[in-house]
Amino acid sequence: MIFVIVPLGKGTKEVTAWVIRVILYTLGSMLGATLFALLMGLIGQGLRALLPGLGFAWVTALLGVLAFVFALKELRIIPLPTLQIGWQVPASWMKPSRALGNTLYGIVLGAGVFTFIPFASFYLLLLWEISAGAVSLQAALPLGVIYGFFRGLPAVMGGISILRGEYPLGITDWLIAHLGLWHAVNAVALLLVSGLLLGSFIL
Amino acid sequence: MAESYGGSAQDTQVARLRAWVLGVSVTALAMFLVGVALAVFVDGPARPWTGLAYVIAMGLAIVVGLSKTSSA
């Protein structure tokens, strides 16, 4: 992604242009994620209207159980199918304008559901947005903003690395090279969430 | 000699498995206790949209956001 935003071999005179593109990509990522969080929140509101008797304690328990199940999937203990669309954003989006193309890339990748979803924790985040949105849309949106920002952050860091004359794919390469470890990090995060939610529910 | 190497590798694998199971169990138990403490001292079951549970959701959003970087 970083080489799409910041093509290699470009002179420093184009720095301003790629800085703008990186910012647009990151803002697009945040916008896409926030809009999707809004959609999840609205689904939550709809579910709350349909099931008014469903108390928050049961929602807590449901999220806790699912977090545990997803952790087992991340640890490859139970082989759950991964629901995902293996689509990739087309390069043709860059033809009319790189700025527009990067913004669209950000929006689509930020939404998260149109491309690969290799981590089950993403589904828990969506469910959390639904649960939070059922009570307050304002509570669902920040989750999308934070997710979108950190989804776009590696592109910003890669661009900064290029400016410094360093290799720009440090984080992405590290993540790919240590995919097993990163799945374990996700599993531990899910176990923490599960323990917290189930522990508080049982009392 | 080969058997010795094979046995050693197997022992290492078993030791890793034990350490892994122990680590996961301790982590899950620790957070279970945090959840219990939260329920006792704060405000009942962790509401996913308020307080500590919401802060944890934000942490999850960070982990998921960085994780998805490896997919595209």
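Tutor: Here is a walk through the interface, followed by the chains and one residue.

First, the ground rules: this is a predicted model, where local features need pLDDT of at least 70, side-chain atom pairs count only at pLDDT 80 or more, and totals for chains, interfaces and linings use all residues. Residues are numbered from 1 along each chain as its sequence is written, chains are lettered from A and ligands numbered from 1 in the order in which they are written, and side-chain values use heavy atoms, with hydrogens and water left out.

On to the interface. Chain B brings 36 residues to the contact and chain A brings 53 (contact means heavy atoms within 4.5 Å). About 3900 Å² is buried between the two chains, with carbon and sulfur atoms giving 80% of that; this is the accessible area (1.4 Å probe) that two parts lose on being put together, summed over both. As for salt bridges between chain B and chain A, the rule finds 0 (a side-chain nitrogen of Lys or Arg within 4 Å of a carboxyl oxygen of Asp or Glu). Polar contacts come to 3 residue pairs, both residues at pLDDT 80 or more (a pair of N or O atoms within 3.5 Å; within protein, one must be able to donate a hydrogen and the other to accept it, and residues adjacent in sequence count only if both atoms are side-chain atoms).

On the side of chain B that touches chain A, α1 (2–43) and α2 (51–68) of chain B each supply at least two residues (helices are DSSP runs of H or I, at least four residues, numbered from the N terminus).

How far to trust it? The model scores ipTM 0.80 and pTM 0.79. Mean pLDDT (the predictor's confidence in each residue, from 0 to 100) is 82 for chain A and 73 for chain B.

Chain A has 8 helices and 0 strands. Among its elements, helix α5 (residues 121–135) has the highest mean pLDDT, 91. A:Glu129 lies in that helix and counts as buried because its relative accessibility is 2% (the cut-off is under 20%, 1.4 Å probe, protein chains only). Its contacts include A:Phe36, A:Met40 and A:Leu143, leaving aside residues up to four places away in sequence.

Definitions and conventions. Buried means under 20% relative accessible area, exposed over 50%, partly exposed in between (1.4 Å probe, protein chains only).
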